[in-house]
Every structure is written in C-alpha cells, then in structure tokens.
Amino acid sequence: MKELIKWSDMYKLGLEEIDPQHQKLVGIINRLYQVMQESTEKDELNTIFSELTDYAEYHFSTEERHFEEFNYIDKVEHTRSHEAYKERIAHFAKEYEDKGSTILPFQLLDYLGEWWTGHILGEDRKYVECFHEHGLK
Ligand SMILES: [Fe+2]
C-alpha cells in the first residue's frame, strides 16, 4: 500500500494517550491518499474525509483539555495552530463541495502530509515535558 506518511518511531512522543491518536490520524490520511488514487467513489472519499475531520477534532480536544489542566505555557499559540488547520480544511471541503468534484485536490494531501508531520515533530513535541511533569505517561 502506498503511504503518504510513513509512520515511524520518530513521531512517537512517549505519551500513551497521544501516540496512538497520532498513529490513527496518519492511518486515516494514508487511507484517504489511497482511495483518492484508486477510486472515484465520492461516497467513500466523503466518508474517510469526514472520519479524518471528526477524529482530528477529537484529538485536538484531547490535547487542549490537557493544556487547560496543566496551564501549558504555549496553550494559546498551540490552540491557534489547531484552529488554523481546521479553517484550512473547512476551506478545502467547501471548494470540493462547490465544484461537485469527485476528487479531492492533491493540494489537500500535500497540506495534510506537511501539516501533520510538521506539527507532531514541532509544536506537539514541545508539550511533552510539561505533560510528563504533570504525571501523564
Ligand atoms: Fe497539536
């Protein structure tokens, strides 16, 4: 199977709750990538795309809940980055709807690949110390 993001230990933050969520997100993105290349089934694409949107929302709320609990120093900036992602995705979704297209733009996949890998290795990595200090395993 062709993967957009190859999951590796490099993406592990050492947090039992967060790591499987990131891995699941990468899995959904890879499925979306695969379906986009193989199928013109709009329904299937729509299903995976909304699964990704919902799961990302769930994941962000997990992180943001901990930011609040631990009064994480970068919580405002980090939350803003989640908001920017959601806006961008909503924009892609709207464009896709308006055009009545059967394919999602490949720019979306580029964006997803770059955003998630950059975010996990960059911003997410910064909260690990804080989460550990507050007893999160
Ligand atoms: Fe995050």
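Helix H4 carries a kink of about 40 degrees centred on Asp 124, where the bend at a residue is the angle between axes fitted to the seven residues ending there and the seven starting there. The model is a predicted one, in which local features need pLDDT of at least 70 and side-chain atom pairs count only at pLDDT 80 or more, while totals for chains, interfaces and linings use all residues. Residues are numbered from 1 along each chain as its sequence is written, and helices are DSSP runs (H or I, at least four residues) numbered from the N terminus.

H4 spans residues 106-133, and its 28 residues reach 40 Å from the first C-alpha to the last, close to the 40 Å expected at 1.5 Å a residue; the expected span is 1.5 Å times one less than the number of residues. An α-helix has 3.6 residues a turn, so residues three or four places apart point the same way. After H4 comes Gly 135, with a positive phi near 90 degrees.

Of these neighbours, H3 packs with H4 at an angle of about 170 degrees, their axes lying 12 Å apart, and the two helices are therefore roughly antiparallel (an angle over 145 degrees, taken between N-to-C directions of lines fitted to C-alpha atoms over the stretch in contact). Their contact, defined by C-beta atoms within 7 Å, involves His 78, Ser 81, Tyr 85, Arg 88 and Phe 92 of H3 and Leu 108, Tyr 111, Trp 115, His 119 and Glu 123 of H4.

H1 and H2 pack at about 160 degrees with axes 10 Å apart, and they too are therefore roughly antiparallel to each other. Residues making this contact include Leu 25, Ile 28 and Leu 32 of H1 and Leu 45, Phe 49 and Leu 52 of H2.

Within H2 lies Glu 68, which counts as exposed because it has 11 C-beta neighbours inside 10 Å. In the loop between H2 and H3, Asn 71 has a positive phi near 45 degrees although it is not a glycine, and with 9 C-beta neighbours inside 10 Å it counts as exposed. Most residues other than glycine have a negative phi.

Technical notes. Axes fitted to C-alpha atoms, helices over the stretch in contact; angles between N-to-C directions. Parallel < 35°, antiparallel > 145°, perpendicular 65-115°, else oblique. Contact = placed C-beta atoms within 7 Å. Buried ≥ 20, exposed ≤ 12 C-beta atoms within 10 Å, placed from the backbone.
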